[in-house]
Amino acid sequence: MRDVLRRMVRANRPHLHTLSPEQARAAYEAGAGVLEITKPELARVQDLRIPARDGSALPARLYAPTQGQALPVLLYLHGGGFTIGSVQTHDILCRQLARLSGCAVVSLDYRLAPEHRFPTAIHDAWDALQWLALHGAGLGLDTGCMAVGGDSAGGTLAAACALLARDAGLVLQLQLLIYPGTCAHQDTDSHLRYAHGLVLERDGIQWFFNHYVRSAADREDWRFAPLLAPDVEGVAPAFFCLAELDPLVDEGVQYADLLRMAGVPVELEIYKGVTHEFIKMGRAIPEARQAHAAMAAALRAALGTIPAD
């Protein structure tokens, strides 16, 4: 991890928060695969369009490790502070989750800020989850066996979707939360302790959220900060994948504790000595590959799948 951080310093690329959103997206896209594992080949990779409530057609990509079998499905929501990231930046991760777990993965390109501010991203994510539940069988998916997951901002969306699903009576087998954002004001000890020099910085977090929220009131909405949800009882079981050296680690632990206190089954892994974004560094960081295996095991246990190889 130290070597990765040194290489980042030597590369001397501008911090994302010093760029425009368009420039930041391009920079993140260009660097997204640099430290990734080799791209897994799958039996089926299919681009889709999923309708949103306002009539927009949201790009998505379906990954399946086998053909001709109705597979349980994970809706995956990428990270990027609601402002950057895409299906493409998380392509390898989603392929790996499908390969190791034996389930299908549908990765969603929800709309990004500042062009689309809160609550568009959660509307898009929830619309996609409902659409999959209703129409996934037509894609060869087992919609009676579903999960939702994501990393960072995508983890926030996944947690919110799990709450919305509970309220709508849509049964999910798992919520896969990879260093999710869950608090309203980024004021935990870890936000101060790991504010600088560890991939995700305090200035960057503020830059993301300044683009995303419309006003201070949005921060008090539990769809932005799931820790503020009035009731989490009865939501889907959760698997948390957290990084020790991450501004978001404390709020991830706090949300796991909130779920546990409400009787929700929770499994939590904190990977020592690694930073935010580590799960996309499998070529350089062994803990990333360990996390891939652990997340896939959680999916297999929840969805009853068998890996394809």
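**Note on the predicted model**

1. Helix H5 gives way to Gly169, a residue with a positive phi near 75 degrees. The model is a predicted one. H5 itself covers residues 153-168, and its 16 residues reach 22 Å from the first C-alpha to the last, close to the 22 Å expected at 1.5 Å a residue. Is the helix enclosed by the rest of the structure, or open? It is largely enclosed, because 13 of the 16 residues of H5 are buried.

2. The overall build comes next. The protein chain has 9 helices and 8 strands. For 309 residues, a compact globule would have a radius of gyration near 19 Å, and the 18 Å of the protein chain agrees with that. The C-alpha trace spans about 50 × 40 × 40 Å along its principal axes.

3. How much of the chain counts as buried? The share is 58% of the 309 residues. The accessible surface comes to about 12,100 Å², and carbon and sulfur atoms account for 51% of this area. Taking contacts between residues at least 6 apart in sequence, 77% of them join residues at least 24 apart.

4. Strand S3, residues 71-77, is mostly covered, with 7 of its 7 residues buried. Strand S5, residues 141-151, pairs with S3 in the parallel sense over 6 bridges. Within that pairing, Tyr76 has Gly149 of S5 as its bridge partner.

5. S3 also pairs with strand S4, residues 104-108; these two run parallel and are joined by 5 bridges. Here Val73 stands opposite Ala104 of S4.

6. Arg95 is a residue of helix H3. Is Arg95 buried or exposed? Its relative accessibility is 9%, so Arg95 counts as buried, the cut-off for buried being under 20%. Beyond its neighbours within four places in sequence, Arg95 is in contact with Lys39, Pro40, Glu41, Leu42, Val45 and Tyr63.

7. A cis peptide bond joins Phe118 to Pro119, with omega about 5 degrees.

8. Helix H4 covers residues 120-135. At 1.5 Å a residue its 16 residues should span 22 Å, and the end C-alpha atoms are 22 Å apart, which agrees. Which residues of H4 are buried? They are Thr120, Ala121, Ile122, Asp124, Ala125, Trp126, Asp127, Ala128, Leu129, Trp131 and Leu132. As background, an α-helix has 3.6 residues a turn, so residues three or four places apart point the same way.

9. With 1% relative accessibility, Tyr179 counts as buried.

10. Arg283 is found in the loop between S8 and H9. Is Arg283 buried or exposed? At 55% relative accessibility it counts as exposed, because exposed means over 50%. Leaving out residues up to four places away in sequence, Arg283 touches Gly33, Val34, Leu35, Glu36, Ile37 and Arg289. The C-alpha atoms of Arg283 and Thr38 are separated by 7.8 Å, although these residues are 245 residues apart along the chain.

Conventions. Residues are numbered from 1 along each chain as its sequence is written. This is a predicted model: local features need pLDDT of at least 70, side-chain atom pairs count only at pLDDT 80 or more; totals for chains, interfaces and linings use all residues. Side-chain values use heavy atoms; hydrogens and water are left out. Buried means under 20% relative accessible area, exposed over 50%, partly exposed in between (1.4 Å probe, protein chains only). Helices (H or I, at least four residues) and strands (E, at least two) are DSSP runs, numbered from the N terminus. Two strands pair if DSSP finds at least two bridges between them. The radius of gyration is taken over C-alpha atoms; the globule rule is 2.2 Å times the number of residues to the power 0.38. Contact means heavy atoms within 4.5 Å. Accessible areas come from the Shrake-Rupley method with a 1.4 Å probe; for residues, only the protein chains shown count as cover. The expected span of a helix is 1.5 Å times one less than its number of residues.
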